[in-house]
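Hi everyone, thanks for making time this morning.

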Amino acid sequence: MTTTLPHPPRRLPLVGDVIGASQTTAVRDSLRYASELGPIFERKILGQRVVIVSGADLAGELCDEKRFSKYVNPAISALRGLGGDGLFTAFNEEPNWAKAHALLAPAFTKSAMHSYHDVMLDVFAELEGWWANKDAVDVSADMTRLTLETIGRTAMGYGFHSFENSDVHPFVSAMVRALAFAQKSGLLSQSRVGRMITARGARQNASDEKYVLDLVDDVIATRRVSPEPHPNDLLELMLRAAQDHPELAIDEQNIRYQLVTFLVAGHETTSGALSLALYYLSQNPEVLARAREEVDSVWGSVDRPAYDQVAKLRYVRRVLDETLRLWPTAPAFGRQAREDTTIGGRYEMRAGEWALVFLPGLHRDPVWGENTDEFDPDRFEPSRVRSRPAHAYKPFGTGERACIGRQFAVHEAVLILGKILQRYDLRPDPGYRLELNERLTLMPSGFEVTVTPRRKMVRK
């Protein structure tokens, strides 16, 4: 980006824009700067420049696939020790992401989703057992248990036994540390001083990466020698590719990277979305009552609603969408200029230069109307959706590298929200105020609710 851009005040030589900023609040800092500095600005950390775009018009240009492509920004690149050339962390020129995308696309068709639906219901039943005789529950921890168990079983037929132990699974601990390290080290790793700052964390990160990769390698090895038939999960599709689709076959190392990608991205973002949605439901009794009324009307007391009944929870889906508008759990994505160009009619970008589309800012652009910090699911009424440009809402990324598991995540989140509304009353701690845990993804911290089984179930 060759144009001079606004930047935070009190920039210091060498270290850059560090005054008043924190690595643990990078998203909230950027949201504040977006409101103060406008729809495009820059931040510099130890000489590394990051251009941040939050205006809808500028973001719309960056989402033009003819002019821009995905950029693996430094924080995402820091995850390549785990994800390698998997779908999320691959560079555009690496061939395996496109092969894997084509190979795995059938795993997210409607017919495939039917089998995942049953697994999701089974795991929710385990959550009910976990919540039995409990008073206050840690929402983020329990949504993480639920989504990890679901993606483990649907992606590779592996159970983490998440509801059998009060301690979190070591996979979760390793993953959380890896995400936090990537958030911290992404830019810092670009300089010698930064690498010195993160050296101690790098040793722990190497151990965490080894644990996660070894676990997945063991699952793959066990599957290869297992005499039992297996369902058409993601692992099975990749292992069968050599005989079924030789042109799409990927090697053992990339199979491992794809599984790690789905395990991490497939549970961390959804658990954050569920936790945040439950926070907003607990804080907005009228919204909760309306969502529950819809669940009672569509499902009644049916214990295992059919797959097609989930999409009929249209208001619950709006609750989820509005949650992801305010706090998209993957809060930014990078875009790189394919050739020399200009955005906004004045900001020049050379070929190869990149910018971050900052979603919490984009989702608060004036195209969303007034009071954009307020929670209002009716923003997603069909007529209001049609009145906004499509690029104003991008919680799952954009273009050919957008999230392949979007349908899976939305179905799981709406189903689980519906089941919780159907089964439980939620009472939050009246003194709690939303605190976000930023570790590349967004998750509520310290959010507990008292869960009580509903006394009266609605019959249909």
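Let me begin with a term: a nonpolar core is a set of buried Ala, Val, Leu, Ile, Met, Phe, Trp, Tyr and Cys residues joined through side-chain atoms within 4.5 Å. Buried here means under 20% relative accessible area, exposed means over 50%, and partly exposed is in between, with a 1.4 Å probe and protein chains only.

A word on where this comes from. This is a predicted model, where local features need pLDDT of at least 70 and side-chain atom pairs count only at pLDDT 80 or more, while totals for chains, interfaces and linings use all residues. Residues are numbered from 1 along each chain as its sequence is written, and side-chain values use heavy atoms, with hydrogens and water left out.

So, the core. The largest one has 121 residues, and those with the most contacts inside it are Trp131, Phe171, Leu259, Leu278, Leu281 and Trp327. Which helix gives the most to this core? That is α12, residues 252-283, with 15 residues. When I name helices (H or I, at least four residues) and strands (E, at least two), these are DSSP runs numbered from the N terminus.

Take Leu281 as an example. Setting aside neighbours within four places in sequence, Leu281 is in contact with Val287, Leu288, Ala291, Val319, Leu417 and Leu421, where contact means heavy atoms within 4.5 Å.

Now to how the helices pack. For the geometry, axes are lines fitted to C-alpha atoms, for helices over the stretch in contact, and angles run from 0 to 180 degrees between N-to-C directions. Angles under 35 degrees count as roughly parallel, over 145 as roughly antiparallel, 65 to 115 as roughly perpendicular, and the rest as oblique.

Helix α11, residues 234-244, packs with α12 at an angle of about 165°, and their axes are 11 Å apart. That angle makes α11 roughly antiparallel to α12. The crossing of α11 past α12 is right-handed; a crossing gets that name if the near helix is turned clockwise from the far one by less than a right angle, and is left-handed if anticlockwise. On the α11 side the contact is made by Leu234, Leu235, Met238 and Leu239, and on the α12 side by Ile255, Gln258, Leu259 and Phe262. By class, that contact holds seven nonpolar residues, one polar and no charged. For the classes, Ala, Val, Leu, Ile, Met, Phe, Trp, Tyr, Cys and Pro count as nonpolar, Asp, Glu, Lys and Arg as charged, and the others, Gly among them, as polar.

Helix α11 also packs with α10, residues 199-225, at an angle of about 65° and with the axes 11 Å apart. This crossing, α10 past α11, is right-handed. Here Val219, Ile220, Arg223 and Arg224 of α10 meet Leu235, Glu236 and Leu239 of α11. How many charged residues does the contact of α10 with α11 have? There are three, along with four nonpolar and no polar.

In α7, Met143, Leu146, Thr147, Thr150, Ile151 and Thr154 meet Phe408, Glu412, Ile416 and Ile420 in α18. That contact divides into six nonpolar residues, three polar and one charged.

Beyond its neighbours up to four places away, Leu426 touches Leu278, Ile420, Val449, Thr450 and Val451.

Finally, backbone angles. Most residues other than glycine have a negative phi. Asn133, however, has a positive phi near 65°. Asn133 lies in the loop between α6 (110-131) and β4 (136-138) and is exposed, at 85% relative accessibility. Arg10 has a positive phi as well, of about 60°, and is found in the segment before α1 (26-37). Arg10 is exposed, with a relative accessible area of 56%.

That's my tour, and I'm happy to take questions.
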